[in-house]
Amino acid sequence: MNYSEADTRVKLIDPQLKSSLWEEDYIVREYYFTDGRKLTGNKRGERLYIDYLLKYQNCNLAIIEAKRNDKNPTEGLQQAIDYALKLNVTFVFATNGIQIYQYSISKGAGDYIQDFPTPEQLFSTIYSSDEKVRKDLATIPFLLVGGMKARYYQEVAVNKTIDAIAKNQNRILLTLATGTGKTFIAFQIVYKLFTARWNIDNAPRRPKILFLADRNILADQAINTFNPLEKDLLKINGDEIRSRGGNVPTNANIFFAIYQAISEKENIGGYYKQYPADFFDLVIVDECHRGIGEGGSWKEILNYFSSAIHLGLTATPKRDDNINTYSYFGKPIYEYSLKQGINDGFLTPYKVKRIKTNIDEYLPTSEDKVISGELEERLYELNDFEKNIILPQRTELIAKTILQQIQPFDKTIIFCVNQTHALALRDAINKYKTVKDANYCVRITSDEGELGRRLLEKFQDNDKDIPTILTSSQMLTTGVDARNVRNVVLVRVINSLVEFKQIVGRGTRVFDSKDFFTIIDFTGATNLFYDDEWDGLPDQVEIESIETDTTPTSEEPDQDEEIETTEKPTIENEEGDSETIEIEKPKTAIVQLSNGRVLKVIDIEVRYVGNDGKPLTTTEFIEKLIGSLPRFYQTENELRKLWSNPESREDFLQQLAQVGFDEEQISTLQQMFAAEQMDLFDLLAHLSYQKSMVTRTVRAATAKSKIDEVITWDNAKAKEFLNFILDRYKIDGLEELKRDRLSELIKLNGLGTTKDAAQVFGNIDNLISAFYNLQTVLYKAH
């Protein structure tokens, strides 16, 4: 007897698992491990799932790919192997309930077997008896509080790290995109080590762990994540040390510090040296790409605690400007990219608005007035603005344009050239804003001190609308966990791909009803998206040892705020806040443009991110759509047929969204072709078959003239209702033609209830038939 796949599972596969001692607690059926890419309208793309996940002692051991009993058992094997690699699962079983094929990921080979292995047999194959530490750590469950659930890649990152620690790997690197929960991962690693009483001495004690950050906000956010272990936590800072008479605290197991608080300074030695060199078993370095090179931020501290295992966390894949990170830690043991996060639905997609003005270059003229500074007779380009020349009118143009491009209460971060620029842009926005609140737009830099921190906390509070807009320079590139950021605005030139990636990460966190975020680019910084290494995983190249690579990284000075070369050098206090030393720069010219100079935006190009993580140009966007359409229809008649039926049309639009063309993108497409008043059918027919487009008004008028083709009997009320639908369609478009709109249209027309309308048309079947026939007539060839 042939069974459906569902029946094959219940009647054949499940009994076989039971006979092999797989209890219900060990089996997860239809295990969904992604959320599906975010689409507009609070919708989601396709989620990935496996038929069965086999677990034992808190470890994922195998997946089962099930097929109907009349199909070849290995028909879906390749996809199952791909999923197993994503989930870091060792074994794959492919079965049709009659035959069982076992595939080993580690061996890269498989064969048919008689029965499923028992849980203990499978577990013992993966965790051998001589790997006690690895087994003990692996079997400790995650500590999940408040309904929190670990994502699949977080489980993989934790398990790979635990494996590396159990194998005594002393330098470990995890590379995961901003917003993917690196601190959560670090906490689960520490919790397992803490619970297992693991330490490098194999002594009967809990481990001593140091979590190093370079900014207070990062350290404080980490402490919040580690809160379930609060009795064993302690932050090392100046106040804590002073309260102990200048002695460092030792009465904890998990210590948090920013390196500025414990490293050497001009007037005192490093507090870290008060600890014995072997005091810590594990040192975790957050944002470790920020200065691991010779003379870098962490180097002296890590060298001192060299006997500990060092775990680096970064969002930045390897490239020239952070090569020392990889020279020190080696290749990442796990990587999870921004592209993967967006496609899995754990990060928010973005669109780019590249805005050009007629003052992106400036050539001095005699009519312009130099307010202060020295004006050179040369062409000033984007990289000169706010550094070598300041044009207040340009700042005001940008401020007004930003306000025009965002919704009034969309949370927005603007990245400026320096603190002075951030101040000027804040004032310009407040000059032209329509919201009266005094804190609508605020500057957040180190100069604001405690007030700035309080405003930043309010900005991060998703229940508060104010502040809405932040202006800053370097301070907000990392460490700002604000989930509801809708716009990231770039008004400074960015040359570092590392910095650019961090800035983009300010908008990627997922939030309810946030379908995408917008990068508004005034400087061309988004051209970095097209860098070959934008979202790639580390190159598979041989990594030199740290002893042979002593070149400081280009990022080492990039600390809490304002790295401005000779303009505004910074020093950092022990709390990790940069103190900016203002130095007069007389050569910077402030120029008032002549009254006859009209400043304006000359181009706004909208680009959407493709599945490869790179924004599509207008041409690429259209080419991608045209290339995708043949999978849905092959002829004009096929398009017309599927479009004329509300169900098949809705199904088609959902499938179109799955390949990257949802409501937002379609709306932009219509704007590109000045087709806002046209039906999307006409635009698709134009793109596919070069058909002329007609407006919805023309379509509706033609359909009205053929209303007798919709109903064959003479009923004034029925015809009036159908004409009413066409009038609504002229105004609101396709929305009025959805099947679930019919009852609402009946009410709006005054026909009463659906039952009342059915009487007008004779019966309910005639009513629905007329609604469908109307659309067939509407989309007939003109």
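Biologist: Is Phe721 buried or exposed in this model?
Modeller: The model is predicted. Residues under 20% relative accessible area count as buried. Phe721 has a relative accessibility of 1%, so Phe721 is buried.

Biologist: How do the rings of Phe721 and Phe761 pair?
Modeller: Phe761 is buried, with a relative accessible area of 2%. The ring centres of Phe721 and Phe761 are 6.2 Å apart, and the planes stand at 80°. Planes over 60 degrees apart count as edge-to-face. The pair of Phe721 and Phe761 is therefore edge-to-face.

Biologist: How many residues apart in sequence are the parts that this pair ties together?
Modeller: Phe721 belongs to helix H23 (residues 716–732). Phe761 sits in the loop between helix H25 (754–760) and helix H26 (764–778), so the parts tied together are apart in sequence by 40 residues.

Biologist: How many aromatic pairs are there?
Modeller: Rings of Phe, Tyr and Trp pair if their centres lie within 6.5 Å. By this rule the count of aromatic pairs is 44.

Biologist: What kind of pair do Phe211 and Phe226 form?
Modeller: Their ring centres lie 6.0 Å apart. The planes are at 70°, so the pair is edge-to-face.

Biologist: Which parts of the chain does the pair of Phe211 and Phe226 link?
Modeller: Phe211 is buried at a relative accessible area of 1%, and Phe226 is buried at 0%. The two residues are 15 residues apart and link distant parts of the chain. These parts are strand E10 (residues 209–213), which holds Phe211, and, for Phe226, the loop between helix H7 (216–225) and strand E11 (233–236).

Biologist: Which element gives the most to the lining of the second largest pocket?
Modeller: The second largest pocket holds about 920 Å³ of space and is lined by 43 residues. Among the elements that each supply at least two lining residues are strand E4 (49–56), helix H3 (119–126) and helix H5 (152–166). The most, eight residues, comes from H5.

Biologist: How many residues of that lining are nonpolar?
Modeller: Cys59, Asn60, Asn88, Tyr127 and Asn159 are the lining residues nearest the centre of the second largest pocket. The lining has ten charged and eleven polar residues, and its nonpolar residues number 22.

Biologist: Which residue caps the N-terminal end of H14?
Modeller: Helix H14 (residues 419–432) has 14 residues and reaches 20 Å from its first C-alpha to its last. Among its buried residues are Gln419, His421 and Leu425. A side-chain oxygen lies 3.2 Å from the backbone nitrogen of Thr420, and the capping residue that carries this oxygen is Asn418.

Technical notes:
Residues numbered from 1 in each chain as written. Heavy atoms only, no water. 1 Å grid on protein atoms, 1.4 Å probe; cavity = no way out; pocket = protein on both sides within 12 Å on 5 of 7 lines; lining within 4 Å. Points joined across faces, edges and corners; volume = space filled by probe spheres on them. Helix = DSSP H or I, 4+ residues; strand = E, 2+ residues; numbered from the N terminus. Nonpolar A, V, L, I, M, F, W, Y, C, P; charged D, E, K, R; others polar. Expected span 1.5 Å × (residues − 1). Buried < 20%, exposed > 50% of the residue type's maximum accessible area, 1.4 Å probe, protein only. Polar contact = N/O pair within 3.5 Å; in protein donor to acceptor, adjacent residues only side chain to side chain. Phe/Tyr/Trp six-rings, centres within 6.5 Å; stacked < 30°, edge-to-face > 60°.
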